[in-house]
Structures are given as C-alpha cells and as structure tokens.
Amino acid sequence: MTAHTVEYIRYRIPEQQSADFLSAYTRAAAQLAAAPQCVDYELTRCEEEPDSYILRITWTSTQQHLEGFRASELFPPFFAKIRPYVENIEEMRHYSPTGVHGSGAAVPALYDWAGGAEAFSRLTDAFYDKVRKDDLLAPLFADLAPDHAAHVALWLGEVFGGPAAYSETQGGHGHMVAHHFGKHITEPQRRRWVNLIQDAADDAGLPTDAEFRSAFLAYVEWGTRLAVYFSGPDARPPAEQPVPKWNWGAMPPYRG
C-alpha cells in the first residue's frame, strides 16, 4: 500500500464571515465524503487566533487529488460552495509522511492494556495447549517447534503495540507469512483457530472489556484470513514490510 498524501489549506477568515464559512464547508464536505480519492478530512480553528483555519484532507495520492477528484463530477459543486473563500487562502500544499510518527500515552497501547509480555505469553501457552488437543487443528501443528508459542507471543505483542522483539529476532511480516506457505488452511480450521484463541484469552485472563476484545478479535479475523490466503495455491509472497501495528480502531481497506 502506498503512502497517502496530506493537503493542508490555511485560511484567514474574518469573524463576521466565520459562520458562513463553516456552513459552506459543511455543505462542501458531502463531495469530499463521496470522493473515492479522499481518505478523510478535518477543518480546525485556531484557539489563539480564531480567524485562522486549517483544512486537512488526506488523499490517496497527490495525483489522485489533482487528476482524479479535480477532474470528477464532484469537484464543480465542491468548488462552487467554497469559491467565495479562495481569496482567503494563505497556504495550499501537499505533504508526504515521513518516518517520524507515533502515539502519545494518552491512550494506552493494546499491549499495555492487555498486561504486557506476560499476558501474551500466557495467551499463547493456553492457546497451543488447546491446539495440540484439537482434532481439526492438531494436524496443522504436528511439527510444532518448542519455541513456536514464544515466537507467536512476541509477534502478537509487537502487533498490539509492544516492543519490536519479533522484528529484531525473527524478521518482519514476510517472515511470519512464510510459515503459512503450502499449509492449505481451510475455512473450518481458520474459524476453529479464531474460537480457540478467544477461549485462550479468557483462560489467560486478558481484559474482557468490549473495546479491547473487539480490537483483539478484529486483528484475529484479519490475520487468520491472510493466513488462509497465503497458505493457498495462488499465494504470492508479499513485498518486504514491517509487522502490522494494531490499535483501538481498524485497518483501512487493502489496495495493492
């Protein structure tokens, strides 16, 4: 998936025009919401200088914005609504993301909320104990390495926001994917995997609040469906990429 581009448009709107300006963008937002080139958008107002506004629009790419959205039937009605404020624009540029990014501590990582490394170790121990006894999954793990559960604990810990221990000792996403090549995992096996790891989460004492469990299950569903694909006859190894990072939200739709 290619990196998105972020467009920033800085406005200077006199107080007497602010209500009309906000009304215009409220109406124009309908075109942004309908544009397949638009990922998200947000209009913010400066607290220290209330006449300063910044519109942030995330586009799938600069080209998709300039040659896609602006050439589409959505652009004329969008522009008609905000045309009166074009002369108030102080900046309008596209920005590409850099490698500097992260989250603060206001919202804890799923890893910390779950209980850290010990919690994920308990989880995988409980899970693979169930797997070995399960008639549907046991054949898939007949040659299970002694340290397999520990490696999966590192993987899950990193996915949910913990230390990059899996990447540092095992490799990235491609390394995990490679373990599934040729396994021919069936949908009933995938579903059993999902059910057993949820039972293991209960046994391991992971948090049971709705917010954590919904995020946890979302990753399990996403990850196991990828595992089925990469275990199949038509699978192609993915480009080298880092371990995915899961959070309290959701993953965006995949675009190759």
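A: **Starting from Phe78**

Setting aside neighbours within four places in sequence, Phe78 has contacts with Tyr25, Ala28, Gln31, Leu32 and Phe69, where contact means heavy atoms within 4.5 Å. The model is a predicted one, in which local features need pLDDT of at least 70 and side-chain atom pairs count only at pLDDT 80 or more, while totals for chains, interfaces and linings use all residues. Residues are numbered from 1 along each chain as its sequence is written, and side-chain values use heavy atoms, with hydrogens and water left out.

Phe78 sits in helix H3 (residues 75–82); helices (H or I, at least four residues) and strands (E, at least two) are DSSP runs numbered from the N terminus. With a relative accessibility of 7%, Phe78 counts as buried. The cut-offs are under 20% relative accessible area for buried, over 50% for exposed and in between for partly exposed, using a 1.4 Å probe and protein chains only.

Now let's follow the rings. Phe78 and Tyr25 belong to one aromatic cluster, together with Tyr11, Phe21, Tyr53, Trp59, Phe69, Phe75, Phe79 and Tyr85. There are 27 aromatic pairs in the structure. Rings of Phe, Tyr and Trp (its six-membered ring) pair if their centres lie within 6.5 Å; planes under 30 degrees apart are stacked, over 60 edge-to-face, and the rest tilted. Tyr11 and Tyr25 are an edge-to-face pair, because their ring centres are 5.8 Å apart and their planes lie at 75 degrees. This pair joins distant parts of the chain, with Tyr11 in strand S1 (residues 5–12) and Tyr25 in helix H1 (residues 18–34), 14 residues apart. Both partners are tucked away: Tyr11 is buried at 1% relative accessible area, and Tyr25 is buried at 6%.

For another edge-to-face pair, look at Tyr229 and Phe230, whose ring centres are 4.9 Å apart and whose planes meet at 70 degrees. Here Tyr229 is partly exposed at 38% relative accessibility, whereas Phe230 is buried at 8%.

Thr5 is buried, at 4% relative accessible area. Beyond residues up to four places away in sequence, Thr5 touches Ile57, Thr58, Trp59, Ser61, Thr62, His94 and Tyr95; of these, Trp59 is a member of the aromatic cluster. From Thr5 to Ala215, 210 residues along the chain, the C-alpha separation is 27 Å.

Next come the nonpolar cores. A nonpolar core is a set of buried Ala, Val, Leu, Ile, Met, Phe, Trp, Tyr and Cys residues joined through side-chain atoms within 4.5 Å. The largest one has 39 residues, and Leu123, Phe160 and Phe216 have the most contacts inside it. Helix H4 (110–114), helix H5 (116–132), H6, H9 and H10 each provide at least two of its residues. H5 contributes the most to this core, with 7 residues. Phe78 brings us to a second, separate core of 20 residues, which includes Phe78 as well as Ala35, Leu55 and Phe75. In soluble globular proteins, nonpolar side chains tend to be buried together.

Finally, consider the second largest pocket, with a volume of about 820 Å³. On a 1 Å grid over the protein atoms alone, a pocket is an open set of points where a 1.4 Å probe fits, with protein on both sides within 12 Å along at least five of seven lines; lining residues have an atom within 4 Å of a point. Points are joined across faces, edges and corners, and the volume is the space filled by probe spheres set on them.

The lining of this pocket has 37 residues, with Phe141, His148, Met176, His179 and His180 nearest the centre. Helices H6 (148–159), H8 (173–178), H9 (187–203) and H10 (210–231) each supply at least two lining residues, and H10 gives the most, with 8. By class, the lining has 23 nonpolar, 10 polar and 4 charged residues; Ala, Val, Leu, Ile, Met, Phe, Trp, Tyr, Cys and Pro count as nonpolar, Asp, Glu, Lys and Arg as charged, and the others, Gly among them, as polar.
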